[in-house]
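Here are a few exercises to work through with the model open in your viewer. Try each one before you read its solution.

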Amino acid sequence: MNHSNRSEEPLSILQYRPQAQARVPVTEVFQAKYPAIDAHNHFVSGLDVERVVEHMDACNIRTFVDLSGGNGDQLKRRLDMLKGRHPARFAVFFVPDFKRIGERCFSESVVCELEQAAGLGVQGVKVYKELGLSVRDKDGTLVHVNDPRLWPIWQTAGELGLPVLMHIADPWAYFAPLDERNERYIQLYRDPARHFYGADYPSLQQLLEERDEVIERHPATQFIGAHIGSQAEDLAAAAAVLNRYPNYTVDFSARVAELGRKPRQAREFCIKYQDRILFGTDGLDDPVMYRSYFRFLETADECMEYYMYPNHGFFTISGIDLPDEVLRKVYAANACRIIPHLR
Ligand SMILES: [Zn+2]
């Protein structure tokens with residue numbers, strides 16, 4: 001018997017999954033302290049409406065914002081399925097089809113679709129990260145986030161009172177070389193489609209600058225930066241954008257790991273920008289996921305494994321124990337101000 005239990009070959013890093021030995025108090029939070037609006041989620045195929053509502057009730061989620069409403073007939077079916085059955089429990093966002101950008105009259109036709117969608121009851125516009133990373137023009141060149149053909153869409157959303165939730169860029173590690181220093185090595189190794197490093201892609205900086213130009217040019221439109229506007233790695237940078245543009249708000253969906261590994265700075269950020277932050281999960285339909293968010297927001301527990309550990313890197317997180325008045329705003333009041341017709 002080999003007492004060191006050492007095998008001939010070292011473990012592959014893909015197998016490595018350290019479990020912290022720290023023993024610390026655990027606070028279970030089964031429900032959000034105040035009724036919450038999940039301002040960033042996706043009703044993907046396979047989910048069952050009634051089951052999702054059951055989970056929402058169990059977790060104290062008042063409204064589920066489905067960003068993947070799509071367009072055309074898909075959008076109509078989605079609105080029927082969700083708002084037709086539970087008008088107050090769901091909100092659905094319109095998704096412009098950017099792949100048609102090379103077609104004649106693209107802008108006019110999308111604006112017309114958007115106006116119709118607003119008439120059908122959509123409550124916002126969602127922009128996927130494909131814009132900037134993969135949407136291409138007829139000649140094959142990448143379409144820029146600040147492309148003027150898209151301006152009428154942003155303008156019209158503002159006129160209709162619909163916010164534009166933009167997912168531009170991604171975690172910074174996705175734009176870095178896949179080497180021993182990449183903090184998301186395991187995730188990117190397994191899922192190379194997320195890796196946007198190299199000559200085929202614009203830089204992270206360029207994407208964010210183009211995004212900022214769009215916000216600046218459309219002061220009458222409310223923009224929501226998904227995932228802390230892809231700046232959770234640098235909250236000072238996220239704060240600078242919030243300071244510059246009053247028509248900009250962020251959601252922190254899928255960034256709890258990022259925030260919770262620097263809990264003091266994250267707490268300060270959430271308190272300072274308490275009117276500009278939306279609760280969102282991007283987490284589909286999983287009570288365990290919801291409870292990890294609540295525990296992060298409402299407790300000062302330490303050394304927790306974030307939801308999805310260790311995909312986002314080998315670190316644990318701490319809760320940020322937000323004050324009640326901040327929780328109320330982040331859970332629901334801010335979303336109610338920015339997204340129309342939420343109850
Ligand atoms: Zn999402």
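**Exercise 1.** Are His 40 and His 42 buried or exposed? Then work out which protein atoms hold the zinc ion, and how they are spaced along the chain.

*Solution.* Keep in mind that this is a predicted model.
- Step 1: check accessibility. His 40 is buried, and His 42 is buried too; the cut-off for that is under 20% relative accessible area.
- Step 2: list the donors. The protein gives the zinc ion NE2 of His 40, NE2 of His 42 and an OD atom of Asp 282. These donors sit 2.1 to 2.3 Å from the metal.
- Step 3: write the spacing. Along the chain, the zinc donors read H-x1-H-x239-D.

**Exercise 2.** How do helix α1 and helix α12 pack, and which residues make the contact?

*Solution.* 
- Step 1: get the geometry. Helix α1 covers residues 49–59 and helix α12 covers residues 287–298; their axes come within 10 Å and cross at roughly 25°.
- Step 2: classify the angle. Angles under 35 degrees count as roughly parallel, so α1 is roughly parallel to α12.
- Step 3: assign the hand. The crossing of α1 past α12 is right-handed.
- Step 4: pick out the contact residues. From α1 you get His 55, Ala 58 and Cys 59; from α12 come Pro 287, Tyr 290, Arg 291 and Phe 294.
- Step 5: sort them by class. The α1–α12 contact has five nonpolar residues, one polar and one charged.

**Exercise 3.** Now do likewise for α9 and α11: what is the angle, and which residues meet?

*Solution.* 
- Step 1: helix α9 (residues 235–244) packs on helix α11 (residues 263–272) at about 10°, and their axes are 11 Å apart.
- Step 2: α9 and α11 are therefore roughly parallel to each other.
- Step 3: on the α9 side, Leu 235, Ala 238, Ala 239 and Leu 242 meet Gln 265, Ala 266 and Phe 269 of α11.
- Step 4: the tally for the α9–α11 contact is six nonpolar, one polar and no charged residues.

**Exercise 4.** Where does Ala 254 lie, and which residues does Ala 254 touch beyond its neighbours within four places in sequence?

*Solution.* 
- Step 1: find the segment. Ala 254 is in the loop that runs between β7 (248–251) and α10 (256–260).
- Step 2: Ala 254 has a relative accessible area of 22%, so Ala 254 is partly exposed.
- Step 3: collect contacts, skipping neighbours within four places in sequence. Ala 254 contacts His 227, Thr 281, Asp 282, Tyr 293 and His 312.
- Step 4: tie this back to Exercise 1. Asp 282, in contact with Ala 254, is one of the zinc donors.

How values were computed. Residues are numbered from 1 along each chain as its sequence is written. This is a predicted model: local features need pLDDT of at least 70, side-chain atom pairs count only at pLDDT 80 or more; totals for chains, interfaces and linings use all residues. Side-chain values use heavy atoms; hydrogens and water are left out. Donors are N, O and S atoms within 2.8 Å of the metal (3.2 Å for Na, K and Ca); water is not among the atoms, so sites may look incomplete. Buried means under 20% relative accessible area, exposed over 50%, partly exposed in between (1.4 Å probe, protein chains only). Axes are lines fitted to C-alpha atoms, for helices over the stretch in contact, and angles run from 0 to 180 degrees between N-to-C directions. Helices (H or I, at least four residues) and strands (E, at least two) are DSSP runs, numbered from the N terminus. Angles under 35 degrees count as roughly parallel, over 145 as roughly antiparallel, 65 to 115 as roughly perpendicular and the rest as oblique. A crossing is left-handed if the near helix is turned anticlockwise from the far one by less than a right angle, and right-handed if clockwise. Contact means heavy atoms within 4.5 Å. Ala, Val, Leu, Ile, Met, Phe, Trp, Tyr, Cys and Pro count as nonpolar, Asp, Glu, Lys and Arg as charged, and the others, Gly among them, as polar.
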